[in-house]
Amino acid sequence: MQKPLPRPIAAALVTVLAGSLAACSFEPPLRVPQAPLDKTPYTAGARIKQTVGPGGPAGQAQEMEYGKELHEEWWKLFHAKALDELIAAGLKNSPTIAQAQAQLREAQATAQVNNSIFYPQITGNLQANRSKASAAAFGRSGGFYYSLITGSVGVTYYPDIFGVNRLVYRNSEALVKYQQWELEAARLTLTGNIVTTAINEAATEGQIRATMAIIAQEKKLLQLTENQYRAGAIDYINVVNQRSQLATEMATLPPLEQQLAVYRHELAILVGDFPANTKRQTFTLEELQLPEKLPVSLPSQLLKQRPDIRAALAQMRAANAMIGEARAQFYPTVQLSAAFGATATHPGLFFNPVSSIWSLVGAMSQPIFEGGKLEAQKAEAHAAYDVVYAAYRSTVLSAFNQVANALRAVEHDAQTLAAQREALQAAAQALQLAQASYRAGASDYLTLLTSEVQYDNARIAEIRAESQRYQDTAALLVALGGGWWNKTGPQVPTTSAPQNSHSDAGTLPTTQANP
């Protein structure tokens with residue numbers, strides 16, 4: 001007769017077997033679309049030049065630093081103290097940030113709930129009962145009274161033999177990471193909106209100043225025209241035309257002031273305040289400094305820097321874990337329970353060994369027939385993964401599209417600003433010559449009026465071109481993901497996984513890989 005294995009060896013074999021079973025994961029390898037090569041340009045057509053913008057009177061040139069990261073919060077590249085203070089207030093008080101933070105805490109709490117399944121569940125129970133029993137069953141009248149005191153400690157444990165618990169936790173852990181990246185995306189969106197709105201406010205304020213200067217000039221020309229009419233040098237129609245030109249310019253001022261009010265109110269809302277509480281001064285373009293060096297991340301870096309891409313990847317990991325859960329439902333689930341306690345009719349006997357009670361229970365359940373439910377759940381999980389897989393691809397393509405558009409915009413904005421400033425200089429010179437000729441009586445009023453209109457349009461267009469260059473520079477920095485990974489402040493909190501959850505905390509994959 002074969003001798004049984006010694007207990008230590010048998011225990012070791014059981015441990016190895018259980019560990020082997022737990023290591024078997026029903027979660028498939030994570031499928032991630034192939035990433036573009038770093039040598040692949042962002043834009044179609046000719047490659048963006050290393051330096052864009054002619055410099056000089058058309059504004060400073062901007063140098064593209066390919067493969068270089070942002071080393072600070074991206075908005076600080078504009079070197080505007082007032083803008084930095086406004087963004088700090090927005091990150092502190094914005095309700096959208098508070099909402100994203102609350103959603104992150106909710107996801108972390110859910111992960112902790114799912115984490116508890118890895119540990120035994122211990123429950124204490126104490127019950128005292130006073131009862132009266134009838135004596136009629138014994139052929140006697142009346143009854144008798146008795147007391148019963150019961151106390152026990154129960155332990156329940158679900159061994160993760162097929163990794164179901166681990167997959168449930170991996171799903172919740174991925175959702176925590178998703179909310180972390182959603183919080184970072186909310187911060188990036190908020191800062192981008194604040195910067196863009198501030199630039200719009202500054203541009204509108206510049207247009208208002210230019211319009212008021214033009215109105216003042218039109219008033220002087222009207223006075224000159226009236227004097228020439230009184231002297232009999234020109235016809236009255238010239239006076240009427242100049243009054244019409246002045247009224248036209250004055251009519252453009254209220255819409256600009258309305259737009260300025262809208263931007264000021266929007267900035268107040270972005271920083272979590274009521275519009276009426278705005279006490280700050282209006283932004284001006286002179287407060288901003290155009291970044292001379294623009295770090296442009298490589299394509300592989302962009303995948304790691306964009307919070308929306310990282311959030312989409314976290315959703316893929318969660319959906320992948322759901323596939324594993326659906327597969328594991330075909331296999332048995334095991335429950336181990338144990339209870340130890342005492343029961344007695346008198347408190348003095350409660351701690352007597354004869355009053356002790358205990359139980360050990362092992363249970364296993366195996367699905368046999370559920371009408372196709374499990375197969376449908378597995379198909380549902382695969383379809384859900386296909387949905388987030390397509391969403392990930394769409395997010396990546398959208399990110400590369402935004403970077404490509406912003407790069408081209410930065411290039412073309414410099415050319416546009418140079419042309420607009422040349423047009424403004426030419427229009428200003430033409431206006432001066434027309435005014436001198438008109439005063440000397442060498443030219444008619446129509447020539448002067450034409451020069452005025454050309455100058456007014458050129459001046460407003462130059463302000464718009466300048467503000468557009470600031471806006472597209474900010475759009476490029478936002479499209480590259482900002483600079484969250486180099487923040488000096490507190491980082492987004494993370495949730496650490498238990499040792500038996502085999503948590504995946506690796507970097508962003510760019511090819512098909514097993515997470």
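Thr333 has Ser365, in strand β7, as its bridge partner, and this pair belongs to the ten bridges that join strand β6 (residues 333–344) to β7, the two running antiparallel. The model is a predicted one, in which local features need pLDDT of at least 70 and side-chain atom pairs count only at pLDDT 80 or more, while totals for chains, interfaces and linings use all residues. Residues are numbered from 1 along each chain as its sequence is written, and side-chain values use heavy atoms, with hydrogens and water left out.

**The sheet**

- β6 and β7 belong to an open sheet of four strands, in the order β3-β4-β6-β7, with antiparallel pairing; two strands are taken to pair if DSSP finds at least two bridges between them.
- The edges of this sheet are held by β3 (121–134) and β7 (356–365), each of which has a single partner strand, so one side of each is left without a neighbour in the sheet.
- From one strand to the next, the twist averages 20°, with axes taken as lines fitted to C-alpha atoms and angles running from 0 to 180 degrees between N-to-C directions.
- In general, strands of a sheet pair through backbone hydrogen bonds, either parallel or antiparallel.

**The chain as a whole**

- The chain holds ten helices and seven strands, where helices (H or I, at least four residues) and strands (E, at least two) are DSSP runs numbered from the N terminus.
- Of the 515 residues in the chain, 42% are buried; buried means under 20% relative accessible area, exposed means over 50%, and partly exposed lies in between (1.4 Å probe, protein chains only).
- Among the contacts between residues at least 6 apart in sequence, 83% join residues at least 24 apart, a contact being heavy atoms within 4.5 Å.

**Helix α2 and its surroundings**

- Helix α2 (residues 81–93) has 13 residues and reaches 18 Å from its first C-alpha to its last, close to the 18 Å expected at 1.5 Å a residue; the expected span is 1.5 Å times one less than the number of residues.
- Its buried residues are Leu83, Leu86, Ile87 and Gly90, and, seen down the axis of α2, they fall within an arc of 95°, so they line one face of the helix; the arc is that of the directions from the helix axis to the C-beta atoms.
- On the other side of α2, Lys81 and Lys92 are exposed, whereas the buried residues pack against α3 (95–115), α4 (164–230) and α6 (253–270).

- The buried residues of α6 include Leu253, Leu256, Leu260, Tyr263 and Arg264, and, viewed down the axis, the buried residues of α6 fall within an arc of 165°, so they line one face of the helix.
- Pro255 and Gln258 are exposed on the face of α6 turned away from its buried side, while the cover over the buried residues includes α2, α4 and α5 (236–251).
- In α4, 48 of the 67 residues are buried, so this helix is largely enclosed by the rest of the structure.
- The 67 residues of α4 should span 99 Å at 1.5 Å a residue, and its end C-alpha atoms are 97 Å apart, which agrees.
- Gly232, with a positive phi near 80°, follows α4, and Gly272, also with a positive phi near 80°, follows α6.

**Two loop residues**

- Thr284 is found in the loop between α6 and β5 (293–296), counts as buried at 17% relative accessibility, and touches Ala202 and Glu205, not counting residues up to four places away in sequence.
- Gln50, in the loop between α1 (7–23) and β1 (51–52), is partly exposed, with a relative accessible area of 44%.
- Gln50 and Glu63 are 13 residues apart in sequence and 5.8 Å apart in space, C-alpha to C-alpha.
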